[in-house]
Amino acid sequence: MRDSQDLSSGFGSADWLRLLAVFALFCAATAILFAPLLPHLGSALIGPPEDNLQDFWNSWYAAAAPKPHGFFFTDLIRYPDGMKLTYHSFAYPQVFAVAALAKIAGTDMGTLLCLHNLTLLLSFPLAGLGAYLVVRRFTNSEAGALAGGFVFALNPSHVAHAMHHAHVTSIEFIPFFVFAYLAALEKRSFAWLGAAIVFWALSALSSWYYLFYLGYFVVFHTLYVCARDRALPGGWRLYGPLASAVGTVLLLSPLLVQMLSEHGNPAIYTNGANEYVADPVALFVFPPTHFLGGWTKHVYRHLSGNAWEAAVYLGLANLAAIALYRLWTRRAKDPLLSYALWGMAAFLVIAAGDHLHVLGREVAFMPLPSALLSKLPFFADVRTPSRAIVMVYLFLSIAVGQAFFFFRQAPPNTLIRWAGGACAVLMVLDFYPAHLKTTPLSCSAGLSFLRGDADRDFGVLDLPGGYVESNYYMATQPCHGHPIAQGNVARQLYPTLADRLEMGDLDKQKQELRNAKIKYIVIHKPKRRLFHWPDKGADKASYAAAYAAAYDDGDVTVLRVY
């Protein structure tokens, strides 16, 4: 890898101004590329109705919800039993940012929606700035660093998860950790080591997965350097990895201790390690958010898992830029490109899951290292291996940055320079986020009716049931503020009333609801493919006959239990 003069040697005023300009550039790029969403930030949630509804509840919970039992237990959902939130998918930096901003801007529904959406979008320029630092550190090239920053920030997995999972979206601290960690090793600096520990912890607090992925990066980098230098690690090469890992664990220990208290609970370990995987076919096929994604829908129907977890497209323009660069420099040694490609390969293996899947078909005779990791405590909770693609994109950004450094160094008006310009244009088009969706959210009059009940000691049962429906009930809970019997958490550690409630015999159900202080049943009327009545249990007409109507409009029917 080429030695370079990078910003880790010190930040002067000119460096800070440059970073501010780069951040502003990525902010502008984010605003342009996501322009269709901007008019709706205060009225609609980014993405189709799915886990993003749950993520909005997370922001409301951190910013405005009462917490009489502390942060990690609430009876606002899964009422009256309540639920531990130790393993819940909080993106802690994101939700606490919303909470801090809400103290100034307010906590009404529209304001919280806007703050939640803005903090999601903020991950793009921050991720771009972080990757810019990493790539510039390796290449000492402004053009290469900007190209690499774009590749990492706008990668298709990031775009896809911005519409589904706030915690997976929060990739912005990952490149800052890599930058600080490498600076600590090179400078033998305790200050940079401390910064690396903080960024590793922030990444882990954003997503539990990133605690492990950055650990894998530390192991990969250590082994790669040892193999390159043909020497065992010693000094800072040994102390740095160990100290950063120990420091991160100590910094996270208040949360880790609570998580360890649930060790042995089988509900922690759910399926997915051999389902939500990176299929090698998907590396080269346009994802659903690509402007040509309609051409490849039939391919994604065959892939394992779901479309947003399978979105691991590397970008044909990116691969073309790397291939052209290598073609023109095939006789030159290139340790940096070798490092980037080996890094991509290592994390592609991790992202592939327990067994390789090709076009959705499991290659059963080819177990991968994750098959062992999936059997280890804690490691087994990292059940969606395709998310490791974020590290592949980071190494890809280094390779692309190296290619653009070469293109930029070529004399003007040469074929190499023109090829570089063409790759830059195609790269932007290739990673342009298209086919974006939103979920309108507002407080209906029926939910406002519930808020008007002066009695505060009761809960609400929303019907019909369903996974996405339960997320929706969480997202609209700010409209009335009362506890709800349903609700989803990343790991439900024990059953609650909603799991055992009688759904056929309404006389028996009424008694169960009275005992649980469930005062109202809210029946949501079908809209946007939601709220379709289940096949089992009593029908809507039976509910109307068994319970007295308290309110009815085009959105909901509110029934009174007592």
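## Helices α13 and α17

The crossing of α13 and α17 is left-handed, a term for a near helix turned anticlockwise from the far one by less than a right angle, with right-handed used if the turn is clockwise. Helix α13 covers residues 316-328 and helix α17 residues 415-430, and their axes come within 8 Å and cross at roughly 160°; axes here are lines fitted to C-alpha atoms, for helices over the stretch in contact, and angles run from 0 to 180 degrees between N-to-C directions. That angle makes α13 roughly antiparallel to α17, because angles over 145 degrees count as roughly antiparallel, under 35 as roughly parallel, 65 to 115 as roughly perpendicular and the rest as oblique. On the α13 side L316, A317, N318, A321, L324 and W328 meet L415, I416, A419, C423, L426, M427 and D430 of α17, where contact means heavy atoms within 4.5 Å.

## Basis of the model

This is a predicted model, in which local features need pLDDT of at least 70 and side-chain atom pairs count only at pLDDT 80 or more, while totals for chains, interfaces and linings use all residues. Residues are numbered from 1 along each chain as its sequence is written, and side-chain values use heavy atoms, with hydrogens and water left out. Helices (H or I, at least four residues) and strands (E, at least two) are DSSP runs, numbered from the N terminus.

Helix α4 has 31 residues and reaches 46 Å from its first C-alpha to its last, close to the 45 Å expected at 1.5 Å a residue, the expected span being 1.5 Å times one less than the number of residues. The helix is mostly covered, with 26 of its 31 residues buried; buried means under 20% relative accessible area, exposed over 50% and partly exposed in between (1.4 Å probe, protein chains only).

Helix α1 (residues 13-33) packs with α4 (residues 109-139) at an angle of about 135°, their axes lying 9 Å apart, which makes α1 oblique to α4. The residues in contact include F23 and F26 of α1 and F124 and Y132 of α4, and the crossing of these two helices is right-handed.

The 17 residues of helix α9 (residues 190-206) should span 24 Å at 1.5 Å a residue, and its end C-alpha atoms are 24 Å apart, which agrees. Its N-terminal end is capped by S189, through a side-chain oxygen 3.3 Å from the backbone nitrogen of A191. Among the buried residues of α9 are W192, L193, I197 and W200, and what covers the buried residues includes α3, α7, α8, α10 and α11.

S244 is found in helix α11 and counts as buried, because its relative accessibility is 0%. Residues up to four places away in sequence not being counted, S244 touches Y181, L193, I197 and W200.

## The loop residue K67

K67 lies in the loop between α2 and β2 and is partly exposed, with a relative accessible area of 29%. The side chain of K67 reaches the backbone oxygen of Y61 at 2.6 Å, and a polar atom of that side chain lies 2.9 Å from the backbone oxygen of A65; a polar contact is a pair of N or O atoms within 3.5 Å, and within protein one must be able to donate a hydrogen and the other to accept it, with residues adjacent in sequence counted only if both atoms are side-chain atoms.
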